[in-house]
Amino acid sequence: MCLKGENISFGYKRNNLILNDVSISLDRGKVLGLIGDSGSGKSTLCKILAGYENNYQGKVSIDGKEVLTKGYNPVQLVFQHPEKAVNPKWKMKDILNEGSNVSQDILDSFGIKKSWLNRWPNELSGGELQRFALARALGSETRYLIADEITTMLDAITQAQIWNMVLDIVKERNIGVLVVSHEKNLIKKLCHDVVYFKDINSVRHY
Amino acid sequence: MLDNAKIPGFIGKKILRLISLLLVVSFISFMLVQYSPIDPVRAYLGEMAVSAEHKEKLEEYWGVNTPPQEKFLNWAGSLLKGDFGVSLIYRVPVTDVIKERFTASLALMASSWLISGILGFVLGIAAGMHKGTLFDRAIKTYCYILTATPTFWLALILLMIFSVQLGWFPIGLSVPIGVTAENVTFFDRIEHLILPALTLSILGVAQIAMFTREKLIEVMSSDYVLFAKARGEKGLDLVLRHGIRNVALPAITLQFLSFSELFGGTVLVEQVFSYQGIGLATVAAGLKSDVPLLLGIVLISAVFVFVGNLIADIIYEFIDPRIKQQESTI
Amino acid sequence: MSTAVVNVNRSLFRGLNLRQKTLLIIGFTSLLLLAIVVSSLFIDGESLSTDFGSKNLAPSLEHPFGTDWMGRDMLTRTLEGLGLSIVIGAFASLISAVLTIILGLLSSAGKTADSLVSWLVDLALSIPHLLLIILISIGLGGGAQGVIIGVALTHWTSLTRVVRAEIKQLKTQEYIHISRNLGKSKWWIATKHILPHLIPQILLGTILLFPHAILHEASVTFLGFGLSPHEPAIGIILSESMRYLSAGYWWLAFFPGLSLLIVVLAFDLIGENLGKLMDPKNAHE
Amino acid sequence: MENKTEINAKGKKGTEALLKVEDLSLSFIQYASGLRQTELKVICNLSIQANRGEILAVVGSSGSGKSLLAHAILGILPSNAKLDGKIEYDGQELTQKNKEDLRGKEIALVPQSVTYLDPLMKISNQVIGAVEEGKEGLMKKLQREIFQKYDLKPDVERMFPHELSGGMARRVLVSTAVMSSAKLIIADEPTPGLDEKTLNETLSYFKDMANKGCAVMLITHDIEAALKISDKIAVFYAGTVLEVANVKDFKNDGENLRHPYTRALWNALPQNKFQAIKGHQPMQDEVVDGCIFYERCSKKNELCSKGIPQFKKVNGGVVRCNNVS
């Protein structure tokens, strides 16, 4: 039961690799932290694991099987800037239910108010939008969640609110989480295990 | 800034591109003219009366009965040897017509291109600096009106005012009538050049001025100008130090990209002022079905536009360091 | 720092805010254009009949635009010419919009298709626009239809470029990727995510094509291609006026050209203001 | 707010106020889709002061309008901004004219990223800035000295901004402020996404400046970074400052903190309890009558819903809360 990326290399230009032979594995039910300097290729790795970027070398698999490109991807990625992750011409309720109908339970646990559903994205704050993005990503078929700096733009209280909710849901549904952040304290608090991502090349567990 | 390793590849790519472009353009234009209901024999003969035998010979020469593909290959084959055929209306080789006419037009296009470029840039900077003021609004309105002005109409108006009413300039022809080519003075040429060049310059100002204005406003609201202000820079110095530096390259690039419109404008202006340039030849070739000349002009104008784009590309790829900045932030 | 505040006060003072002003401009100019088209339709042949008793008259109350050498009222001729111009402009813009949509969809289908579209755009832009219209109209055997089709077939490039760039930009949006990861098909994404962004752009782009198409039609006609001399096109009127310039009949060229300018300007204004309504980012200017 | 000596425990550094901001409000007039006009209140009734030789951190969430405070002080707001309130520098009221005269000389800004440098200008020219004729030589020398001090190699002078690495960019940006010999340094999010080493290095530059007698205003969303070097911390919430606390108040469960929001913020940090309170920060277009924290406050009473509580001096800090004494 695990999401694996093996020997992944990636670069926009041939002689300038962003990722060089990186391997990572994430078990279901586990929360794994990923720390690294800015520009070290963390976000790119996230995109590759979630199937956003296909032009890489190496292999991404779930339980040994390759991830299908069609249909609902059991690996869902949530980004740093929620306002970019929503279509500005859609109402919030359409955004929320794009993947599957999000249950009332999830809405309640994320503290999403009914009145927000009829608003446009630009009428909500970043913290509120991020709740929508997470609720949307945590559909019933989601097995792995990749959280790329999802609370970096938010204040500490909202950060705590969001992570406490996510951790509850993840635990209940046995979802594996990859937490990317440059904030060591946050990673320490959230994760069972941490991976340190050095410039390129090596990945170190500690 | 020059990245030397990139140059050979760049040049190679561009040459290939030009060749493939010319090939396709010549093929399509040839086929367009080929399948048009125009009869080249009749066009050639005009009102002349000839014997049936002579006509048959001509038909053979023009290949009326050969399949179009073959004709195209024949034509393209002679093109490669530098033979563009003989112009039907001027009865001289197409290359000669183009050489003479294009040189005349080049003087017209180059002068108006320069004037409109410089004037447009200055107006754009001035308007952008005083954004929102009456002065800015005046320039903006002026540019709006200019973009909506038919080129040939403006030419007509200028002709009416300066040639007909005031009599300052001759009414037509790029050289005086009845004077042999070697007796045409430099002054004569200039005199006939002024009004057409003026028309094109006035109209050419609009696009570059509007672009420069927008770009300057964009630059002036950028983070780096904000920071420069925070460091005490202001007024004209600020615009000179940061504004012009950042606006100039895109503006010059745009001006090089405008060769296509410049050519179109020349055609219209030459028609009004009877300026003996490539534009008049184009219209004559089109109206009188001078197929070899028309095709020659199409090809030469394609090269002309290509050169403009090429220079713009060079500026973009090799001179402007910002492009690399964008690449590095991906 | 206080300019914006002053602006607000001033427009309050005038009783109209920017939104109302913008709407008013759009309404007024549209009405003007509509009036021109309608009146050109209702002009009967009689007012255009020759009347040699009143030829070459300078502008007066009876003939605000003067009369020509056959005694025809220039205002009537101009109106009819403008009507024709607008109709041709509309036709060309519509064809261009349809072509743009087709090519836009094609370019979003895949990499090869996209390069094909980009190649087509480059090809069409490689010859000076005016020359391309002339070439196409000759290829179609000249005449009115040659010019109209020539104008219609050559104005899709700019809009296609815009749409293609927009599609490209949209496709890199995170919410599009997310949609794909949520299991949505390409078709679903194209219709639900991409199209709603493109439709306003295409509409606006189509309106902004009008002025170009009108000016090109008039230019090509002026040069003598296409429309026959008895058609009441602005290009024809102006090219005829050339013969009478040295006689001092300035009104033959002045008013028809000015009217054309105003029509073109009106379309620009409508497009500009609609754009402001849709994307108010720069409305502070 | 005249009592500095009792606020500042150190008391030795001659801590009179260099910058005083009183009751500052800032709003924008904007056009929304369809050109409907809206007024966006970004800052309301904000008061703070920055003292000589001290670092004042203004801490609040990203995108909450803190940067605009810096822009307001420098007089570089966009034209559709509406500013109310009073800003005083060295006892003198800052008008737009004053701001224009003082910025770059007395007041310097350290921006957040290289996008604040002209992409087409060489680094040395930018660090030196626009100087009067005849002074270039002197400034050049000064710039070389500063570069040496910040460990910037001579070839950096000829680079363009996009060629700088993250750490180099940081040092270049700081050196622009050092060049100016300004007395008030405003650093606007100077540490985004930095690794720990560069972060500490950058912070130490600001500490240096304060030690030399400058007043430093550090605008950041990173409380942890702020705590490392600041003397006082102003807590920014929904467009205003709710509390100005001393750094030493941030400890344990935050029992020394005065405002319930500050305490909640402290306890929400991952290194502390990681505990969240309910509710949301009000949106910028929401009109709040009483205390802006009313909805989320556990101690609220009727008084709190009527009017914004006034500043009170409590225990060496200031706070806007009715329930503290």
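This tour moves through a predicted model, from chain C as a whole to selected sites in chains A, B and C.

Local features require pLDDT of at least 70 and side-chain atom pairs count only at pLDDT 80 or more, while totals for chains, interfaces and linings use all residues. Residues are numbered from 1 along each chain as its sequence is written, chains are lettered from A and ligands numbered from 1 in the order in which they are written, and side-chain values use heavy atoms, with hydrogens and water left out.

**Chain C**

Select chain C, which has 11 helices and 0 strands; helices are DSSP runs of H or I of at least four residues, strands runs of E of at least two, both numbered from the N terminus. Of the 285 residues in chain C, 51% are buried, that is, under 20% relative accessible area with a 1.4 Å probe and protein chains only; exposed means over 50%, and partly exposed lies in between. Carbon and sulfur atoms account for 67% of the accessible surface of chain C, about 12,700 Å² (Shrake-Rupley method, 1.4 Å probe).

**D268(C)**

Next, select D268(C) in helix α11 (residues 251-278) of chain C. D268(C) is buried and has no salt bridge; K140(B), the nearest side chain of opposite charge, is 13 Å away. A salt bridge requires a side-chain nitrogen of Lys or Arg within 4 Å of a carboxyl oxygen of Asp or Glu. Apart from neighbours within four places in sequence, D268(C) is in contact with T147(B), A148(B), L208(C) and P211(C), contact being heavy atoms within 4.5 Å.

**Helix α12 of chain B**

Now select residues 278-287 of chain B, helix α12; because 9 of its 10 residues are buried, this helix is largely enclosed by the rest of the structure. Its buried residues pack against α5 (94-129), α11 (259-273) and α13 (291-319) of chain B, and also against α5 (129-139) and α9 (186-223) of chain C. S289(B), which follows α12(B), has a positive phi, near 55°.

Show L114(B), I115(B), I118(B), L119(B) and V122(B), which make a nonpolar surface patch of about 470 Å². Within this group, L119(B) lies in helix α5 of chain B and is partly exposed at 45% relative accessible area.

Finally, select K70(A), K171(C), R180(C) and K186(C), which gather in a patch of positive charge on the surface. Patch residues have over 30% relative accessible area and no salt bridge, with like charges joined within 9 Å and nonpolar side chains (Val, Leu, Ile, Met, Phe, Trp, Tyr) within 5 Å. K70(A) sits in the loop between β5 (65-66) and β6 (75-78) of chain A and counts as exposed at 73% relative accessibility.

Conventions:
Lys and Arg count as positive and Asp and Glu as negative; His and the chain ends are not counted. The place of a charge is taken as NZ of Lys, CZ of Arg, CG of Asp or CD of Glu.
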